Amino acid sequence: MGGPAGGKKAAKRCTEAIRRERCERKHDRAQQSIDGGPDAKKMQRIPEPELMDDQDQAAAYAAADWSESHGKIPGYFRERFPDFAAGRVIDLGCGTADVTIRFAKAFPAVTILGVDGSDAMLAFGRSSVRDAGLESRITLEKRYLPDASLEKRNFDAVLCNSLLHHFADPGVFWRTAARCVKPGAPVMIIDLVRPPDHQTAVELVKEHAKGALPVLERDFIASLHAAYSLDEIRQQLISAAMPEFQVDQTDVLHLVAWGRALI
Ligand SMILES: C[S@@+](CC[C@H](N)C(=O)[O-])C[C@H]1O[C@@H](n2cnc3c(N)ncnc32)[C@H](O)[C@@H]1O
């Protein structure tokens, strides 16, 4: 009998189909500009959607093995801030909490608030935090950034991987990062580096996303196109009045921008 439950299910299916179609269109547009745009060879920056709020996208991200890149992140932090050992850390754009968990394991005296605007990513994150037995030290909250309630200089460190290139306005990103933490606190931002051309991006994805689901390959290539160059980030830091921050390229794919929040 097709009572209210059946009607609700049909409506839900319909809403889901519309959402999925919108999301596919959004990604198709980005893909078209990547594949066929007249500037494809020049590798101009092509922004990608901010939130990773599609279920398939989140599932593909959660299923991927990030040990090669994420495994290095706690060490990058320790090298740059050898005195840091304890306190409240905020992980901006924590997604599925893979980095959050690695960081919590490497720094047993920290607690971490992970924030992300995507329910789909956070759902995977919560389940991983539970599986890791870290619920007493990691809290995940849905927050769409910028969020003024986080900009109260309450945290002892900022950690952030692979969020900057999603932000529509990088100035807003840097302001958010600087205002979350106490004066003088460590801030470490890791992101992708935009490759010189489309062909290099394709080769990097082939090499570093072997065996990944097609949706993850698509997102990876879109992220490489959306990423900034080191010089662009240095300019962003000057504009954000954070010129003392340093930017290091750590490998062929990644950079680390780091420094201490303004006193
Ligand atoms: C590439 S993922 C990185 C996730 C995680 N940091 C990691 O390294 O695995 C980028 C995340 O940033 C989130 N995001 C993008 N823009 C955001 C915004 N304005 N506010 C909150 N979250 C955002 C996306 O939803 C996504 O989960």
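Does Arg 153 count as buried, exposed or partly exposed, and how many C-beta neighbours does Arg 153 have inside 10 Å? With 14 such neighbours, Arg 153 counts as partly exposed, and its place is in the loop between β3 and β4. The structure is a predicted model of a chain with 10 helices and 7 strands. Buried residues make up 37% of the 263 residues in the chain, and, among contacts between residues at least 6 apart in sequence, 74% join residues at least 24 apart.

**Backbone features in the loops**

- Most residues other than glycine have a negative phi, and most peptide bonds are trans.
- Arg 153, which is not a glycine, has a positive phi near 55°.
- Ala 97 is likewise not a glycine and has a positive phi of about 70°; this residue lies in the loop between β1 (86–92) and α5 (98–106).
- A cis peptide bond, with omega about 5°, joins Leu 145 and Pro 146, and Pro 146 lies in the loop between β3 (138–142) and β4 (157–161).

**Asp 156, in the loop between β3 and β4**

- Asp 156 lies in the loop between β3 and β4 and counts as partly exposed, with 17 C-beta neighbours inside 10 Å.
- Not counting residues up to four places away in sequence, Asp 156 touches Gly 87, Arg 88, Val 89, Val 181, Lys 182 and Ala 185.
- Although Asp 156 and Pro 183 are 27 residues apart along the chain, their C-alpha atoms are separated by 8.8 Å.

**The nonpolar core**

- In soluble globular proteins, nonpolar side chains tend to be buried together.
- The largest nonpolar core here has 68 residues, of which Val 158, Ala 177, Val 187, Met 188, Ile 189 and Ala 257 touch the most other members.
- Helix α9 (residues 214–226) supplies the largest share of this core, namely 6 residues.
- Once its neighbours within four places in sequence are left aside, Met 188 is in contact with Tyr 76, Phe 77, Arg 80, Val 158, Leu 159, Val 256 and Trp 258.

- Tyr 76, one of the contacts of Met 188, lies in helix α4 (residues 73–80) and is partly exposed, with 17 other C-beta atoms within 10 Å.
- Beyond its neighbours within four places in sequence, Tyr 76 is in contact with Met 188, Thr 250 and Val 256.
- From C-alpha to C-alpha, Tyr 76 and Ile 190 are 9.5 Å apart in space, while in sequence they are 114 residues apart.
- If residues up to four places away in sequence are not counted, His 254 touches Ser 69, Ile 190, Leu 192 and Val 193.
- His 254 and Ala 227, which are 27 residues apart in sequence, have their C-alpha atoms 9.7 Å apart in space.

**How the helices pack**

- Helix α2 (residues 55–63) and helix α6 (residues 119–131) pack at an angle of about 35°, and their axes are 8 Å apart.
- In this pair, α2 passes α6 in a right-handed crossing.
- On the α2 side, the contact is made by Gln 55, Ala 58, Tyr 61 and Ala 62, and on the α6 side by Ala 120, Met 121 and Phe 124.
- These contact residues divide into 6 nonpolar and 1 polar, with no charged residue among them.
- In helix α7 (residues 170–180), the buried residues are Phe 173, Trp 174, Thr 176, Ala 177, Ala 178 and Cys 180.
- The partners against which the buried residues of α7 pack are β1, β4, β5 (186–192) and α10 (230–239).

**Around the ligand**

- The ligand is surrounded by 19 residues, and the closest are Gly 93, Gly 95, Gly 117, Ser 118 and Asn 161.
- Sorted by class, the shell around the ligand has 8 nonpolar, 8 polar and 3 charged residues.

Definitions and conventions
Residues numbered from 1 in each chain as written. Predicted model: local features only at pLDDT ≥ 70, side-chain atom pairs only at ≥ 80, totals over all residues. Axes fitted to C-alpha atoms, helices over the stretch in contact; angles between N-to-C directions. Helix = DSSP H or I, 4+ residues; strand = E, 2+ residues; numbered from the N terminus. Left-handed = near helix turned anticlockwise from the far one by under 90°. Contact = placed C-beta atoms within 7 Å. Nonpolar A, V, L, I, M, F, W, Y, C, P; charged D, E, K, R; others polar. Near = placed C-beta within 6 Å. Core = buried A, V, L, I, M, F, W, Y, C linked by C-beta atoms within 7 Å. Buried ≥ 20, exposed ≤ 12 C-beta atoms within 10 Å, placed from the backbone.
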